[in-house]
Structure formats: C-alpha cells, structure tokens
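Open the structure in your viewer and keep the sequence beside it. This tour tells you what to select at each stop and what you will find there.

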Amino acid sequence: MAEYPRYAGELSEGELLARIFPRLGSGKALLGPGDDAAVLAAPDGRAAISIDTLVQDQDFRLEWPGGYRTTGYDVGWKCAAQNLSDINAMGAVATSLVVSLTLPQDTALTWVEGLADGLSAALRALGAEDCVVAGGDLGRGGILVVTAAVTGDLRGRDPVLRSGARPGDVVAVCGVLGQAAAGLALLDSAIGYGSLNAAERALTAAQSRPCPPLSAGPAAASAGAHAMMDISDGVVRDAGRLAFASGVRIDLDSRTLLCEAEPLAGTARSLGGNALDWVLSGGEDHGLLATFEEGTVLPRGFRSIGVVLDAGDSGAGTVTVDGREPSSVGWDHFAG
C-alpha cells in the first residue's frame with residue numbers, strides 16, 4: 001500500500017489541487033476552477049474588486065509564545081474575512097474569491113487542506129453565501145503567503161467611498177473594537193494557551209478568525225451613509241484616512257470609547273496592557289467605520305462614536321478624542 005503523503009511538496013500541482021477543490025464547494029460562477037480563468041456574471045454592470053495578502057511571520061505566526069499553533073483553517077478563515085470586509089465597506093456583496101497560495105515544500109498537507117476548509121467555512125458562517133472561490137494559483141516559496149482577490153456586486157447602489165464625509169455627520173462603527181488586538185496580546189504573551197479561560201480564548205479567536213459584519217455594509221449604503229471604510233488598522237488611523245480623503249477632521253467621544261474598552265479591562269490588567277489603546281489602535285477586527293447625516297436612524301449594529309468637523313486650522317485628516325490628540329494612533333504595515 002502506498003504511503004499517505006504528509007507534505008504538500010510530495011504532490012504535483014494537479015494532485016494538490018485535487019485535494020483542495022472538493023473542499024471549496026460549488027457556487028454561482030458561470031465557470032469555476034479548472035480553466036485559465038473563471039467566468040462570473042455581472043448583473044449590475046459594475047464590479048467592486050479588492051486584494052489582500054497574509055504573509056507568514058508578518059501577518060501570522062505558525063507558533064505563538066504561549067503555544068498556540070496557527071492552523072491552515074485559521075489562515076483560510078482570516079483570508080476570506082479580511083477580503084470580504086473590504087467589499088462590505090463599499091456597500092457591495094461579495095461574489096467571488098481567487099486565491100494565490102505560496103507554499104514551502106515541507107508544508108503539511110493537512111495544513112493546506114485546512115486552509116481550503118477555513119476559506120469555505122468562513123464564506124458560509126459569515127453570510128457570504130453568494131461568494132464562490134472561483135480559482136487561483138499555486139507556487140513554491142520559502143515562507144507561506146496567501147493572497148486573495150475578491151469581487152463584489154453593488155446591486156444597483158452607488159459605492160460608498162471614504163471621501164464623502166461632511167461636517168456635522170455622525171461617526172459610527174459596526175462590529176467589535178479592540179478584541180483582535182487583545183487576542184494578539186494574549187497570543188504574544190508568555191501565558192500558556194491551555195491556561196486561558198473561555199473569554200480569553202474568544203479574544204484569541206477574534207484575532208485568528210475575525211467576524212466582519214457583512215450585512216452592515218449594504219445596510220449602511222441603503223441608509224444613506226456618506227462615507228465608509230473597513231477598520232483594519234485601528235479606529236484612529238482609519239478615521240484619519242477617511243477624514244483626509246473627505247477633507248475634514250474627526251473628533252471621537254471618549255465616553256463611548258471607554259464603553260467599548262470596558263469588556264477588555266480584565267485582560268488588560270492581567271497583561272499589563274491598556275484596553276483603551278486596544279480600542280483606539282487595535283486593527284484586524286474588520287468592523288465598519290461610517291458617517292451619516294445627523295438625525296439619520298443608524299442601521300442595526302451601528303453606534304455613534306464621534307462627529308465630523310470642518311478641517312479648520314488642524315487640517316484634513318486630523319483625529320482627536322474630546323478635542324485632544326489620542327494616546328495611540330494604530331498599526332502601520334511599514335513602520336519599524
């Protein structure tokens with residue numbers, strides 16, 4: 001009897017794809033994986049498109065100090081979630097993913113199969129039932145790299161841009177703030193993963209398997225959101241990006257931010273961290289930041305956290321908390 005292969009490098013590209021495709025399920029593509037390109041319907045006549053990458057030791061670690069081992073399922077889920085969130089932030093509905101996977105030769109076959117399972121599970125669990133993994137590419141390299149491009153259907157609505165915020169608008173968020181940052185701090189600590197309680201494990205899951213509120217983007221677009229974006233690098237940094245694109249400044253309300261931080265206070269105390277800093281600067285929760293005309297009934301799940309102001313002397317892109325410079329500004333992929 002032939003020995004069961006353990007590593008991706010033991011299989012040819014065709015053999016490895018034969019292990020992956022059945023795990024991705026079928027979808028609504030006119031033509032799915034197997035040809036040089038997929039074919040999709042575009043009933044709106046327009047398509048939103050975005051791309052994102054996860055790089056080993058930059059965006060995830062295979063093993064964390066506390067002993068947690070990142071699974072292929074985790075990375076597949078996170079790959080889907082962060083791409084789906086970008087389409088959500090435009091007010092669109094995701095329709096397809098194409099995935100490029102770079103694998104070291106000694107990558108466990110079960111890890112690769114888990115990645116395919118995580119992609120498929122995230123699409124189902126997050127409510128992206130109209131999205132199909134339509135194809136992709138495989139290659140070898142020194143580290144794991146997962147890149148996905150996602151398309152979306154605007155369904156007759158105009159896209160919601162970062163550049164539409166107006167003075168007087170209410171600034172609102174949907175989804176969680178700071179949980180993924182708290183989870184990252186736990187994973188990166190010396191605390192053994194096996195000793196974490198259920199609430200702490202839920203925070204680590206927010207880091208490894210984020211859950212963007214996918215129905216909220218189209219709902220915000222229908223409610224007349226003036227501007228919107230995905231919160232991937234922290235609410236302060238991303239609010240600054242939205243404010244700069246719109247030529248305005250944003251002032252956040254410390255009382256609402258402290259309410260967001262309160263559930264994280266116990267974890268912050270145990271790690272010697274700062275829960276409010278996690279809320280202000282923690283990325284990868286993949287919630288939504290949006291602005292609405294004052295008096296608008298906010299869509300379900302959104303809550304007000306601040307106001308849009310005229311740029312004034314401070315300049316476009318300025319973000320303050322109660323009129324003062326915030327304590328933490330957020331993640332920069334190229335800093336350090």
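Start at Gly247. This glycine follows helix H7, and its phi is positive, near 70 degrees. You are looking at a predicted model.

**Stop 1: helix H7**

Now colour its buried residues: Val235, Val236, Asp238, Ala239, Gly240, Leu242, Ala243 and Ser246. Keep Ala239 and Leu242 highlighted. Both belong to a core of 33 residues, which also includes Trp278 and Val308.

**Stop 2: the open sheet**

Next, show the strands S6, S8, S5, S9, S7 and S10. These 6 strands form an open sheet, in the order S6-S8-S5-S9-S7-S10, with mixed pairing. Which strands stand at the edges? Select 227-231 for S6 and 319-321 for S10. Each has a single partner strand, so one side of each is left without a neighbour in the sheet. On average, neighbouring strands are turned by 25 degrees against each other, direction ignored.

**Stop 3: strand S8**

Select residues 287-292, which make up S8. Is this strand enclosed or open to the outside? 6 of its 6 residues are buried, so S8 is largely enclosed by the rest of the structure. Check its two faces in turn. Gly287, Leu289 and Thr291 lie on one side, with Leu288, Ala290 and Phe292 on the other, and all of them are buried.

S6 is joined to S8 by 5 bridges, and the two run antiparallel. Pick Met229 and you will find its bridge partner, Leu289, in S8. Pick Met228 and the bridge partner in S8 is Ala290. Then select 170-174, strand S5. It too is joined to S8 by 5 bridges and runs antiparallel to it. Here Ala172 has Ala290 as its bridge partner.

**Stop 4: helix H8**

Select residues 254-261 to bring up helix H8. Turn the view until H8 and S9 are both clear.

**Stop 5: the largest core**

Move to the largest nonpolar core, which has 41 residues. Select Leu16, Leu84, Leu97, Leu103, Leu119 and Leu123, the residues with the most contacts inside this core. Several elements give two or more residues to it, including helix H1 (13-24), helix H2 (72-88) and strand S2 (93-103). H3 gives the most, with 9 residues. Zoom in on Leu84. Beyond its neighbours within four places in sequence, Leu84 is in contact with Ala94, Leu123, Leu126, Ala128, Cys131 and Leu214.

**Stop 6: helix H3**

Select 109-125 to show H3. How many of its residues are buried? The count is 13 of 17, and H3 is mostly covered. Check its length next. At 1.5 Å a residue, the 17 residues should span 24 Å, and the end C-alpha atoms are 24 Å apart, which agrees. After H3 comes Gly127, whose phi is positive, near 90 degrees.

**Stop 7: two loop residues**

Pick Lys28, in the loop between H1 and S1. Its relative accessibility is 61%, so Lys28 counts as exposed. Leaving aside neighbours within four places in sequence, Lys28 is in contact with Asp130 and Val132. Draw a distance to Thr95, 67 residues away along the chain: the C-alpha atoms are separated by 8.1 Å.

Now pick Thr107, in the loop between S2 and H3. At 6% relative accessibility, Thr107 counts as buried. With neighbours within four places in sequence left aside, its contacts are Arg6, Tyr7, Ala8, Val112 and Leu144.

Select Cys174 and Cys211. Cys174 is buried, with a relative accessible area of 6%. Cys211 is exposed, at 52%. The disulfide count comes to 0.

Methods
Residues are numbered from 1 along each chain as its sequence is written. This is a predicted model: local features need pLDDT of at least 70, side-chain atom pairs count only at pLDDT 80 or more; totals for chains, interfaces and linings use all residues. Side-chain values use heavy atoms; hydrogens and water are left out. A nonpolar core is a set of buried Ala, Val, Leu, Ile, Met, Phe, Trp, Tyr and Cys residues joined through side-chain atoms within 4.5 Å. Buried means under 20% relative accessible area, exposed over 50%, partly exposed in between (1.4 Å probe, protein chains only). Helices (H or I, at least four residues) and strands (E, at least two) are DSSP runs, numbered from the N terminus. Contact means heavy atoms within 4.5 Å. Two strands pair if DSSP finds at least two bridges between them. Axes are lines fitted to C-alpha atoms, for helices over the stretch in contact, and angles run from 0 to 180 degrees between N-to-C directions. The expected span of a helix is 1.5 Å times one less than its number of residues. A disulfide is a pair of cysteine sulfur atoms within 2.5 Å.
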